[in-house]
Amino acid sequence: MTRPDPLEALLRAAARGAVSRRDFVRRGAALGLGLPALGALVAACGERKPAGAADESLGELEPELAIYNWSDYVAEDTITNFEKEFGVRVRYDTYESNEELLARMGTGTARYDLIMPTNYAVAVLASQGALAPLKRRYIPNFTNLAPTFLNPVFDPDNTYSVAYQWGTTGFAYRADKIPGTLDSWGIFLDGAHRGRMTQMDDMRDALGAWLRYRGKSLNSVDPSELALARSDALAARRNLRAYISAQVKGELVSGEVWVAQLWNGDTAQAQAEQPAIRYVLPREGCAIWTDSMVVPRGAAHPRAAHEFINYVLRPGVGAAISNATGYGSPNQAALAQMRRPLPFPTAEEFQRLEYERDLGDATALWQQIWAELKSS
Ligand code: N2P
C-alpha cells in the first residue's frame, strides 16, 4: 500500500521525536486515521522524549560525509565500499599528527563529521566542548569491541569516542645497514649514522622518547625533566635527517633512512616492501595509544558519521583495515579474520609502555621546546 506523503512525513517526524503524542493524534486524525489505528501507532512508538534528549533521533541518513583521518589508516576499499553500500559521498582528508588535527579543529573553518584523535587529544577536544555525545542506538556493533577498549580513562563511559585502531610508537631500522640488535633510544645520539636517522614530526613523540630515555614519564610536566629532554633532543637533532612521520616509509624502503622513530603499523607497511626492516619497542619504554572515532559538535552529517562508525565495527571491515594498516584492532569480533592479529602487549611489555595524557598548562612549555627544536 502506498501511503500519502503527509502521513509518511508525520510518521517520520514522530520517529524523530519531533511530535508530541497529542499533536500526533490530532494531525493523524486530520489525515483520516481512525482512533484505533492511531492508538496502536502511539503504543508501538512509545512516548518519545522531546528534542535534545540523549536518545534523540539523528534523522535521515545524509548523502555526504566528511572524514579527517591519519594518513595510510584505512584499507583501499574501506571508503568506496561504504559509499556504494550507503549511497553516501565521502570527502576524505588526512593529517599527520594530533597537533595538526587540533589546530585545524581550532580554526573552526574545516567542517568534518568524523575525526580520529589519539587518547589525550580526545580529552583535549572533550574539555573544549568540541565533541558531540555519540548516540549508541545507531552503533549496535559497539558490542564487538574488546573489553580492554571500553570506558577508557580519557573518555569514561565512551560518551564521545569509539576505539578505531591501537598501536605503539617505537622505532624502525634497517637490519641490513646497521649490524647488531638495537634496543635503545640512544641510537639517535650515535653520530656514526648521522643524516640517516629521523624522528617523528610530532611534539609528543619526539620529546617523549627523550623523557623515557632518562627514565621519566613521557607525560612529564616537570621543567627540569623537560630541560634534560630538550638537551638530549638537541644533541640527537644533529644526527637527524629530518623530523618526519608516516612519509618516512618510502625513505626507509629505499635505504636513504636507516633508523626512523615510527609507529608499529606504518613500520609493518614498510616491511611488506623491505623485509630487512625491524621494529623496536625501546628498553627505556615508549607510547602505546588508541586512536578513536569521534564526532565534532555541530557536524553537518551526524547520522552518516554514526553509520560509518558502526560500519567500521563490523568484523569484516575492522579486519580489512588492520590487515592493510598493520595496526591492532580493538574489534574482538574481527580478530578471526585478520591475517596476523596483533596480540595485545604482554604484561612485561606493558611495564615499558605508557599512554599519553593531556599535559594541561604544561602544553605551552612543551610547545616552546618543540618550536626551538623545529627552528633552524
Ligand atoms: C597512521 C598512524 C597513526 C597512528 N598512519 C598515530 N596514532
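This is a predicted model: local features need pLDDT of at least 70, side-chain atom pairs count only at pLDDT 80 or more; totals for chains, interfaces and linings use all residues.
**Sheet and helices**

- The sheet is open and has 3 strands in the order E2-E1-E3, with parallel pairing.
- Strand E2 (89–95) and strand E3 (114–115) are the edge strands, as each pairs on one side only.
- Strand E1 covers residues 64–70 and is joined to E3 by 2 bridges, the two strands running parallel.
- Tyr 68 has Ile 115 of E3 as its bridge partner.
- Helix H11 (residues 302–312) lies across E1 and E3, at about 55° to E1.

**Ligand site**

- The ligand is surrounded by Trp 70, Ser 71, Asp 72, Tyr 73, Thr 118, Trp 263, Asp 266, Trp 289, Asp 291 and Tyr 327.
- By class, this shell consists of 5 nonpolar, 2 polar and 3 charged residues.
- Ser 71 places a backbone N or O atom 2.7 Å from a nitrogen atom of the ligand.
- In the side chain of Asp 266, an N or O atom is 2.8 Å from a nitrogen atom of the ligand.
- For Asp 291, a polar side-chain atom lies 2.8 Å from a nitrogen atom of the ligand.
- On its own the ligand has 270 Å² of accessible area, of which the protein covers 99%.
- Trp 70, one of the residues around the ligand, also falls within the range of strand E1, residues 64–70.

**Loop residues with positive phi**

- Most residues other than glycine have a negative phi.
- Asn 151 is not a glycine, yet has a positive phi of about 50°.
- Asn 151 sits in the loop between helix H6 (119–127) and strand E4 (162–174).
- Asn 158, also a residue other than glycine, has a positive phi near 50°.
- The position of Asn 158 is likewise in the loop between H6 and E4.

Methods. Residues are numbered from 1 along each chain as its sequence is written. Side-chain values use heavy atoms; hydrogens and water are left out. Two strands pair if DSSP finds at least two bridges between them. Helices (H or I, at least four residues) and strands (E, at least two) are DSSP runs, numbered from the N terminus. Contact means heavy atoms within 4.5 Å. Axes are lines fitted to C-alpha atoms, for helices over the stretch in contact, and angles run from 0 to 180 degrees between N-to-C directions. A residue is near a molecule or strand if one of its heavy atoms lies within 4 Å of it. A polar contact is a pair of N or O atoms within 3.5 Å; within protein, one must be able to donate a hydrogen and the other to accept it, and residues adjacent in sequence count only if both atoms are side-chain atoms. Accessible areas come from the Shrake-Rupley method with a 1.4 Å probe; for residues, only the protein chains shown count as cover. Ala, Val, Leu, Ile, Met, Phe, Trp, Tyr, Cys and Pro count as nonpolar, Asp, Glu, Lys and Arg as charged, and the others, Gly among them, as polar.
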